[in-house]
Amino acid sequence: MTYLSKTLILCAGLALAACTNPDRFGDANTVDLNGGGYGGSAQDPRSPAYFQQTVGDRVLFAVDQSTLGNEAQATLAGQAQWLMANPEYTAIIEGHADEQGTREYNLALGARRANAAHEYLVSQGVAANRLKVVSYGKERPIEICSNEACYAQNRRAVTVIAAGLSS
């Protein structure tokens, strides 16, 4: 082997060794993507973490449906109460679908699901200007496999909390 080849192999080995310790940066650099920097504690009733974990940030739908069932309505009623008690937060309601069907169909279905959740929250007293709606269709699955258990988790509307002024 030439000197250059040995040097390249040594450098590659050192580079790979540097990637083996997942805690190399410590906890100080941990970022909570779900809370947008405002995560707080799940025990603090005013925190987005509490909203996500205790109140519930998502509702599920049946196949090809955007109708809210009893469980979804109960979750959304809790979300509405939390949002009215915490006026400093706004929310984005994301509509999602499973992988079955075309991209266009699933974007429209995701929009209907997000709008159903939006309308329910507004009917419970949440100001419409604090809510935004977006559809991701089948583009952002949380479960990836081709069976009903996965599909059921992907047919959802998710309420994402953000700190900020409503417009």
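Me: Which sense do β2 and strand β3 pair in, and over how many bridges?
Reply: Parallel, over 6 bridges, with β3 at residues 131-137. Two strands pair if DSSP finds at least two bridges between them. Strands are DSSP E runs of at least two residues, helices H or I runs of at least four, numbered from the N terminus. In β3, Ser135 is the bridge partner of Gly95. The chain goes from β2 through helix α4 (residues 103-123) to β3, a right-handed β-α-β crossover. Right-handed here means that, with the strands pointing away from the viewer, the path from the first strand over the helix to the second runs clockwise.

Me: What are the ground rules for the model?
Reply: It is predicted: local features need pLDDT of at least 70, side-chain atom pairs count only at pLDDT 80 or more, and totals for chains, interfaces and linings use all residues. Residues are numbered from 1 along each chain as its sequence is written, and side-chain values use heavy atoms, with hydrogens and water left out.

Me: How does β2 pair with strand β4?
Reply: Antiparallel, over 7 bridges, with β4 at residues 156-163. Thr90 has Ala162 as its bridge partner in β4.

Me: Why is β2 called largely enclosed by the rest of the structure?
Reply: Because 7 of its 8 residues (89-96) are buried. Buried is under 20% relative accessible area, exposed over 50%, partly exposed in between (1.4 Å probe, protein chains only).

Me: New topic. How many disulfides?
Reply: The count is 1, taking cysteine sulfur atoms within 2.5 Å as a pair. Cys145 and Cys150 form it, sulfurs 1.7 Å apart. The link is right-handed, with 85° about the S-S bond.

Me: Is Cys150 buried or exposed?
Reply: Buried, at 6% relative accessibility. Cys145 is partly exposed, at 25%.
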